[in-house]
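Hi there,

Here is the structure I promised to pass on to you. Have a look at it first, and then read my notes below.

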Protein chains: 2
Amino acid sequence: MTYCVGLKIDSGLVFMSDTRTNAGVDNISTFRKMRCWETPDDRVLVLLSAGNLATTQAVASLLDERTKAPDERTSSMLETPSMYQAARLVGDTVKEVIRQSAPVGQSADAFGASFILGGQIRGMEPRLFLIYPEGNFIEAGEDTPFFQIGETKYGKPILVRAHDAAMSFEETVKLLLVSFDSTLKSNLSVGLPLDVLFYGRDSFKVGYEKRIDADDAYFKTISDGWSTALKTAFKSLPDFTR
Amino acid sequence: MTYCVGLKIDSGLVFMSDTRTNAGVDNISTFRKMRCWETPDDRVLVLLSAGNLATTQAVASLLDERTKAPDERTSSMLETPSMYQAARLVGDTVKEVIRQSAPVGQSADAFGASFILGGQIRGMEPRLFLIYPEGNFIEAGEDTPFFQIGETKYGKPILVRAHDAAMSFEETVKLLLVSFDSTLKSNLSVGLPLDVLFYGRDSFKVGYEKRIDADDAYFKTISDGWSTALKTAFKSLPDFTR
């Protein structure tokens, strides 16, 4: 499985993804699920992926035109005129890959993959999309400023309750780590290290990027601290009376 | 969907279940998912059910021998010599019902149902079982003192983190309400009112039983209070630093 979140805040976009892939519980590997395309002063596009690894890698390879000789490649993600067009391109590519993977008459479910695409192109607003395995997509708005893909349920309640568009990047990373920690604790197929990326509105360059591994001191502080803080919060509520 | 939890504490067993059933989102109803069999001074058995409503009702009807004329019925749940035998009986009954429901050659998945069975029979310890749609079952132990069925993921993190066998019944109801509130907020197909039941170890009678509806003052206190307490807990952790 996988857990990825893309979140819109007033100051920009924050992305976090885990790196565990698995085929059964006895065949796990580490793969980066966050891809970034950047042309300084023009655009930053970030793509998070969940689902069949062959599908997500094929989609990224096609977007990067790896069917061509290295010299002739220019990623099509660097040439789309708008974020909307970039989302359509990802959607069309995933449809194409799944169609080619699924044998005639068989279900395409096993080849499914979903994506979160976020970024900004000069002259336009930052935008955030969720792209389904069917190739269609939705955009985040003010009411729902984040998207999750993969194992979304364990980490959702805290996102819903604590998210606030006015949050700083630093607070947002804290929120995402709490959400990821709940998921890591509950689903073995979501695993460290985590990739985090911040894109600052109107900056047209990657603002911050880090890989957070199991030894990360801040992650440990949050993971341990959240257990304690939750227990304290729980104790602060009045007990039931018969 | 459904959300039910059975939990073992030092002082006994606590059960909570929602009451919403749905076929699609436009056909929802309220049905009790908690059934109790009691012979004072001899036994209390509580059964929580999730899954296909026709299956769970058929299982309960068969356990109560409703195939017989009313005068000739004695629920077989009142006659099993041990909790283990009661769990086997529920397992065998669910297998029988699913076998009869699924047309030849078709998948039985749509008819699936799972159960939590807990209780105590005089001369033996209180026990808690999870019964799968396949009819086999597992028993709760010290390491995993609770079982969930239905929509289990949203409400699991808080159970894992805050559960403690030494908790009182009153604290346990608080914990379960927090877990149910997270689930209610995230999945429309889990709905109020909630049924709660307490069985006190070696009491051989139902200790406490209540239906908690949307107007319940304590439920409101927990639901509102938990949002605030979570935010405070979240703010108490240090922000990320770049």
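**Where the two chains meet**

Across the interface of chain B and chain A, the rule finds eight salt bridges (a salt bridge is a side-chain nitrogen of Lys or Arg within 4 Å of a carboxyl oxygen of Asp or Glu). K153(A) forms a salt bridge with E151(B), and their closest N and O atoms are 2.8 Å apart. Helix 3 (156-162), helix 4 (169-186), strand 12 (206-212) and helix 5 (217-236) of chain B each supply at least two residues of the side of chain B that touches chain A. Helix 5 of chain B gives the largest share of that side, 14 residues. (Helices, H or I with at least four residues, and strands, E with at least two, are DSSP runs numbered from the N terminus.)

Please keep in mind that this is a predicted model: local features need pLDDT of at least 70, side-chain atom pairs count only at pLDDT 80 or more, and totals for chains, interfaces and linings use all residues. Residues are numbered from 1 along each chain as its sequence is written, chains are lettered from A and ligands numbered from 1 in the order in which they are written, and side-chain values use heavy atoms, with hydrogens and water left out.

In total, 43 residues of chain B are in contact with 43 residues of chain A (contact means heavy atoms within 4.5 Å).

**A sheet in chain A**

Five strands of chain A form an open antiparallel sheet in the order 10-1-2-11-12 (two strands pair if DSSP finds at least two bridges between them). Strand 10 (146-150) and strand 12 (206-212) of chain A are at the edges with a single partner strand each, so one side of each has no neighbour in the sheet. Strand 1 (residues 3-9) of chain A is joined to strand 10 of chain A by five bridges; in one of these pairings, Y3(A) has G150(A) as its bridge partner.

**One residue to look at**

Is D18(A) buried or exposed? D18(A) is buried, because its relative accessible area is 0% (buried means under 20%, exposed over 50%, partly exposed in between, with a 1.4 Å probe and protein chains only). D18(A) lies in the loop between strand 2 (12-17) and strand 3 (20-22) of chain A. The residues that D18(A) touches, not counting those up to four places away in sequence, include Y3(A), F31(A) and L194(A). The side chain of D18(A) also reaches the backbone nitrogen of G191(A) at 3.0 Å.

Enjoy exploring!

Key. Polar contact = N/O pair within 3.5 Å; in protein donor to acceptor, adjacent residues only side chain to side chain.
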